[in-house]
Amino acid sequence: MKKFRFDCLVFVSVIPGADVSETEADIKKLLIPSYNYNKIIILKTVPTSINVVSLQQTLGDHKMEVLNLVLIGAPKYSSTFQVQALKTVNITMTGKLIFELLTKGYSNASITINVPTDEVNILHIEPGLCPDETMYTVYGVYTWPGKTAQTTHKMGCEKGKESAIRFCKLNGATDRAVWDHPDVSRCVRTVSDFVHLENITVTANNSADIVNMIENLLKEQNSLTDVQLNIVLEKLSLVTKVGTLTTELSSSITNIVSKICDYTTNLGKVTNEILSITDRMGDRTEFTEAEHNMTAPSLALQLINLDTSQFQGLTFGVSSFQTGLTPEIFFAQNFLVLPDTVTVASISLPSAIENFFPQTSETRPRIQFHFYGKENLFKDPQLGQRSILNTYVVSASITNATVSNLEIPLVVAFHHLQPKEDQHIVKCVYWDFHKNNGRGGWNGEGCETQKSNTTHTFCCCDHLTHFGALLDISKTPINPEDVKILTIISYLGIGMSSVFLGVTLLTYVAFEKLRRDNPSKILINLSVALLGLNMLFLVNSWFASFNTNGLCITVAAFQHYFFLATFTWMGLEAINMYLALVKVFNSYVPSYILKFCAFGWGLPLVVVSLVLAIDNHSYGRSLSRTPLEESTPFCWLKNDVTFFVTVVAFVILILVCNICVFAVVLIQIRKMRVNKPSGSGNGLLHDLRVVSSLTFLLGLTWIPAFFAWGPAKTSLIYLFSILNSLQGFFIFLFYCLMKDNVRKQWRIHICCGIFRLAEYTDWSRSVTLGAKAKEGLKVCSPSMKSETTSDRKISDCSNSGASHDHVCLTQERKH
């Protein structure tokens, strides 16, 4: 058969007063019944066509058939069609005949058709053959041979007595012969289970057949075993990788994934696989429109090919959803935070997201949104009974782009699956594909809970992925009123501590006699680190309010540095006490304080430098830039792994060492009390003072923070906040106000009148004690008076900052 393609442009004139709609109806009557069309496309504006009556008679006489007639509307009317003629027909003569018929013109009582000769184009086409193709179906494997266009091929069913039929048609758009979908419904199925499906290799040509086979198999299933589930997911994964994903094929995959979530309860092992399939399907689905959506029970996808010239943000949401029904979705071409009564779930992307669009002019960037209505798909074994997923899951992503560290965060809104009680805590999280050895789990890094009430939670996150909200049902939350009180206590306590730390530093720096020994020098360094930590804490929120990322990273890094330095010097205090109390003999260390300073200030510097070198975005500002509500910003560590390694683990290590030293001191005190006469009230108070001073000096007041859970949480948090915020004050109390030599220096250099102490008093007393020492009396320090050496070793050598500790240690070494 010879094939011709005809393109003609026609002008239609209608007599005045003729009804246009009736005229169009007349044209349809002339066109549609006249030919054995394989496909006719009539647009909204239906033009007239060629001299239909003459063409019909002429083509029929010459055994020609019109195929794939397409009528194209204003401003000029044109039509495109193919003509199929017998092989014996002369091609040139047939072309001339059609040309004459098209340009001859046509008229009747109401219609006049004129076709300009220069607007007619006739081409001879060779559509070729429908290619050989092997199809895998549940009814068997069928190999269709190459056939000419507009012919039907039959073959016997692989199983059964009927035939499988397939039509090779002429494609009107490409002028090529293409296979139509086969009709194998009369055959008997050969693939009856998933084992047969597993043995079929997925290719680009049979991907649609594989999906169709899976759909047929699932119709007969009420549940899926682990083996069946793995087979289905393996095939779907390969289809999304190698297949041509038309909108029809992707819709079928969407329905299959939805059914899998309904049929299977144990989805925790395959969550990552399912999410990868839907993500890849959204990336590779082919469509020419600006947007396309696919919905199925429990699952919805919205795909958008963006016009970047007018991009102002995007908002996707699900307005209503009931289990087992198709979600109702919507999207808006702007950044829109909806009221908490409007949506089941929504996600709003700011306009700054365009900074992450792929830099290519070939295709428009694609953003895809997903909604998952099955919370059992997202099971994290690490949560245990502590938390539950209390929302449906939504996600957003940009094809071929990774979005992270957004300065203006996206906003995600969730409707709770069960009402939130006052004692419950809601945490915004995202699905981390790398957790639980690659099986996935929930992670809160980069997300913040901005607002939460009984029914809804609003989250802000700095990256794109799959989001949800966890309901912590194990913890006893702190009452909002308690939070306000604790905040006030913390700021007032830290402010007061900063003042007294400043006084302590001025005292020890101003009076040279107070800083001659090593413990005093260690105390000075600890006070500097603690003062730096307190001052940065007080101004941290002010710096964060500038919304400058570089400034916030700097402030967070310094905050981290002084935090680590504070604990390092508390650990060095413990080491110094250990050397003084336990390793008394042969414990001389050259350049003792110099080495302590190098370690005390150098180790925190190394840790902070490594964090900055590895990922400086580990530091930053808390996500509070949102139209939802105002919140207090703070510059600190954002990376959970970094926080637990460099803060929590570091603090635990120092506290364990300090607790051990503290225990040694208590044992020494116990031994000393056993050797003393009973009933010594002054000695008991002295021991209590030593224990209290060591508790603050060694940072043991941080211990309640690790036990602040359960019913006693609020009480322990109050205790922790009070003691730690006042740590600087208590250092001043024990190591300045309650120390004799410090008070003497104040009285000599600061006080006046009756409170002033003459400077020669200390000198005369030292001379007297020196004389006694020559007579053979054992002297450990000018302030020892009548206490024993063992007693003084505990009370003074452990009392960092005493001006006589070095004398005590030196005399012990001489023994």
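Guide: In this predicted model, the largest nonpolar core comprises 71 residues. Those with the most contacts inside this core are Tyr508, Phe563, Phe567, Trp569, Tyr619 and Tyr735. Helix H12, which spans residues 549-581, gives the most to the core, with 18 residues. Once its neighbours within four places in sequence are set aside, Phe567 is in contact with Phe650, Val651, Ile654, Leu655 and Trp702. Apart from this core lies another, of 63 residues, with Met135, Cys157, Ile210 and Leu236 among them. As a general background, nonpolar side chains in soluble globular proteins tend to be buried together.

The second largest pocket comes next. Its volume is about 900 Å³. The lining of this pocket consists of 24 residues, and the closest to the pocket centre are Arg166, His181, Asn205, Ala208 and Asp209. By class, the lining has 10 nonpolar, 8 polar and 6 charged residues. Helix H5 (207-219) provides the largest share, 6 residues. Strand S9 (133-137), strand S14 (177-179), helix H5 and helix H7 (247-263) each supply at least two lining residues.

Strand S12 (residues 151-156) and strand S13 (residues 163-170) run antiparallel and are joined by 6 bridges. Within this pair, Thr152 stands opposite Phe167 of S13. The two strands form a hairpin with 6 residues between them, and Gly160 in the turn has a positive phi of about 120 degrees.

Methods:
Residues are numbered from 1 along each chain as its sequence is written. This is a predicted model: local features need pLDDT of at least 70, side-chain atom pairs count only at pLDDT 80 or more; totals for chains, interfaces and linings use all residues. Side-chain values use heavy atoms; hydrogens and water are left out. A nonpolar core is a set of buried Ala, Val, Leu, Ile, Met, Phe, Trp, Tyr and Cys residues joined through side-chain atoms within 4.5 Å. Buried means under 20% relative accessible area, exposed over 50%, partly exposed in between (1.4 Å probe, protein chains only). Helices (H or I, at least four residues) and strands (E, at least two) are DSSP runs, numbered from the N terminus. Contact means heavy atoms within 4.5 Å. On a 1 Å grid over the protein atoms alone, a cavity is a set of points where a 1.4 Å probe fits but cannot get out, and a pocket is an open set with protein on both sides within 12 Å along at least five of seven lines; lining residues have an atom within 4 Å of a point. Grid points are joined across faces, edges and corners, and a volume is the space filled by probe spheres set on the points. Ala, Val, Leu, Ile, Met, Phe, Trp, Tyr, Cys and Pro count as nonpolar, Asp, Glu, Lys and Arg as charged, and the others, Gly among them, as polar. Two strands pair if DSSP finds at least two bridges between them.
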